Every structure is written in structure tokens, then in C-alpha cells.
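The points go from the chain as a whole to single residues.

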Amino acid sequence: MSALILALIAGAVVGLALGALGGGGSVLAVPALIYLLGFTPAAATTASLIIVTATSLTALYAHARTGDVRWKAGALFAAAGLLPAAAAGTAASRLPQPVLTAAFAAVAALAAVTMLRPGRAAIRPAAGEARPAKAAGTGAGLGALTGLLGVGGGFLAVPALVTVLAFEMQAAVGTSLLVISANALASLATRGATTAGVDWAVIGPFTGAAILGAWDGKRLAAKVSGTLLQRIFAVALLAVAAFMLVDALT
């Protein structure tokens with residue numbers, strides 16, 4: 001199967017997951033780039049950042065049109081992650097490939113376990129009780145994760161915005177896209193030299209398919225139980241994480 005067809009299929013799956021679940025789909029991009037398209041872990045994280053940036057900005061536009069983005073609070077949350085994202089992006093190119101692979105596998109497993117946990121109502125602080133220091137720490141951690149591993153971190157950003165900043169779910173999903181986009185752009189800025197070697201003949205179709213797949217994912221979410229979709233995705237993600245961990249240790 002040609003690289004173009006594989007890129008289109010992988011991009012569609014990533015976009016479908018993002019559109020249906022509102023986060024977590026980008027975690028599939030890195031293993032797809034490594035194991036299906038032959039990228040090195042370092043090159044895959046850079047390429048994933050390009051995909052995450054384009055897809056998140058497109059989705060951000062859609063959410064902004066419906067008024068689901070809290071621009072001021074989101075900008076402050078994102079600002080805390082900009083420097084960590086840039087620093088982690090620089091560090092990622094210097095880490096051994098097995099270390100990057102193992103770290104990514106751990107994050108993928110965390111995402112899967114988070115999705116498999118029994119649903120429960122989010123416990124949100126009362127208005128005005130969100131702690132700026134805690135919000136800044138969460139934003140910094142999310143930025144470092146985005147810069148180091150090339151993932152958007154939507155599966156962490158949305159719960160953080162709900163529990164730390166007391167956002168309603170719709171606003172948390174929309175605002176998380178602003179945070180993810182800012183962190184991904186900051187990390188990409190530190191990888192200027194490495195992006196020059198990106199295979200755009202593969203990344204272009206991958207990104208386009210991911211953007212289109214996200215719209216299909218939204219329609220799928222309206223027809224199929226969100227809990228069922230989340231569990232299927234989580235099980236697949238656990239399998240990917242286990243495979244990557246074995247690969248990193250052998």
C-alpha cells in the first residue's frame with residue numbers, strides 16, 4: 001500500500017477520533033507516522049505538531065463561531081504553557097529515540113485509562129474559587145507535554161479547564177483548542193530546522209484527511225453513544241501503547 005493511501009487512512013482515523021471524542025485523537029498520529037509511514041520518533045513528533053496545529057485551528061474556528069471559546073481565560077492558561085512547550089520542543093530533538101517512544105507510550109496509556117474510568121460528574125469549584133497558581137501549573141505541564149511528545153493534550157486540557165477554571169464542558173472543549181493551538185505553534189517555532197526535512201507529500205494529505213475526518217466524527221458522535229465510542233478508542237489506544245512500550249524496550 002502506498003504512503004499516500006496510508007497517510008489518508010491514518011489521517012481520517014485521527015480526525016474521526018478528534019471529532020467524535022473532542023480530544024485524544026492526536027495521540028494516534030505519532031504511532032501512525034512511526035509504524036505505518038516510517039518516520040523516526042523525533043520526526044513523527046514534529047510532523048504530529050503540524051497536524052495538531054492545523055486540525056486544532058480549524059476546529060477552533062468552528063467553536064468560535066458558536067461562542068464556545070473563552071478567549072481571555074484561555075489565553076492566560078495558554079500563556080503559562082508557551083515557554084515549557086518551546087523548551088520541551090528543543091529538548092525532544094536531543095533525546096534518544098527509545099526514550100521518546102517509551103514516554104509517548106506512557107502518555108497514550110494514561111489517556112486510555114482516563115477514558116476507561118467510569119463517568120462521573122465533574123466536581124467544579126464555585127465561581128471565583130479557581131486558583132491562578134494551580135491554573136498556571138496545569139497550563140505549564142500541558143505545554144511541556146505538547147512540546148515534548150507532539151500531542152495536543154486535549155484529553156488533559158478539557159478536564160483541567162473544567163476542574164481548575166470551572167468551565168462548562170462546551171466552553172472547556174472550545175477553549176482547549178485555543179490552548180492546544182498556542183502550545184503547538186510555540187513548539188513548532190523551536191523546531192524550525194527540523195520542519196525543513198518534513199515530508200510534505202505525506203503530511204499534507206494526512207492533515208487534510210484529519211480535518212475532513214473531524215467533521216465526520218462530529219456526525220458520528222450524534223448517532224452513536226459517546227461512552228461506547230470512548231471505550232472502543234481507549235482499548236485501541238491501550239494496545240498501541242503496549243506495542244510501543246515493547247518496541248522501546250527491545
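1. Contact, as used in this note, means heavy atoms within 4.5 Å. This is a predicted model, in which local features need pLDDT of at least 70 and side-chain atom pairs count only at pLDDT 80 or more, while totals for chains, interfaces and linings use all residues. Residues are numbered from 1 along each chain as its sequence is written, and side-chain values use heavy atoms, with hydrogens and water left out.

2. Overall make-up. The chain has eleven helices and zero strands. Helices here are DSSP runs (H or I, at least four residues), strands are runs of E of at least two, and both are numbered from the N terminus. Read from the N terminus, the order of elements is α-α-α-α-α-α-α-α-α-α-α.

3. Burial and surface. Of the 250 residues in the chain, 47% are buried. Buried stands for under 20% relative accessible area, exposed for over 50%, and partly exposed for what lies in between (1.4 Å probe, protein chains only). The chain exposes about 11500 Å², and 69% of that area comes from carbon and sulfur atoms. Accessible areas come from the Shrake-Rupley method with a 1.4 Å probe, and for residues only the protein chains shown count as cover.

4. Contacts along the sequence. Taking contacts between residues at least 6 apart in sequence, 83% join residues at least 24 apart. Several of the residues below give examples of pairs separated in sequence.

5. Packing of α3 and α8. Two packed helices are described by the angle between their axes and the distance between the axes. Helix α3 (residues 41-65) and helix α8 (residues 169-189) have axes that come within 8 Å and cross at roughly 145°. The contact is made on the α3 side by residues including Thr46, Leu49, Ile50, Thr53 and His63, and on the α8 side by residues including Val173, Gly174, Leu177, Ile180 and Leu188. Axes are lines fitted to C-alpha atoms, for helices over the stretch in contact, and angles run from 0 to 180 degrees between N-to-C directions. The crossing of α3 and α8 is left-handed, a word used if the near helix is turned anticlockwise from the far one by less than a right angle (right-handed if clockwise).

6. Two residues of α8. Ile180 and Gly74 are 106 residues apart in sequence, with their C-alpha atoms 9.9 Å apart in space. Asn183 also lies in helix α8 and is buried, at 0% relative accessibility. Beyond residues up to four places away in sequence, Asn183 touches Ala78, Gly81, Leu82, Ala85, Leu142, Gly143 and Thr146.

7. Leu100 lies in helix α5 and is buried, with 3% relative accessibility. With residues up to four places away in sequence set aside, Leu100 touches Pro41, Ala42, Ala92, Leu95, Leu148 and Leu149. Leu100 and Ala248 are 148 residues apart in sequence and 8.5 Å apart in space, C-alpha to C-alpha. Thr101 is in helix α5 too, and it is buried at 5% relative accessibility. Which residues does Thr101 touch, not counting those up to four places away in sequence? They are Tyr35, Pro41, Met244, Asp247 and Ala248.

8. Ala29. This residue is in helix α2 (residues 29-35) and is buried, since its relative accessible area is 1%. Apart from neighbours within four places in sequence, Ala29 is in contact with Val14, Ser48 and Phe206. Ala29 and Thr207 are 178 residues apart in sequence but 10.0 Å apart in space, C-alpha to C-alpha.

9. A loop residue. Val151 sits in the loop between α6 (132-149) and α7 (154-165). Val151 is buried, with a relative accessible area of 0%. From Val151 to Val107 there are 44 residues in sequence and 9.4 Å in space, C-alpha to C-alpha.

10. A nonpolar patch. Val113, Leu116, Val235 and Leu238 form a nonpolar patch on the surface, together having about 310 Å² of accessible area. Two or more residues each come from α5 (97-116) and α11 (226-249). Patches are made of residues with over 30% relative accessible area and no salt bridge, with like charges joined within 9 Å and nonpolar side chains (Val, Leu, Ile, Met, Phe, Trp, Tyr) within 5 Å. A salt bridge is a side-chain nitrogen of Lys or Arg within 4 Å of a carboxyl oxygen of Asp or Glu. Leu238, found in helix α11, counts as partly exposed because its relative accessibility is 33%.
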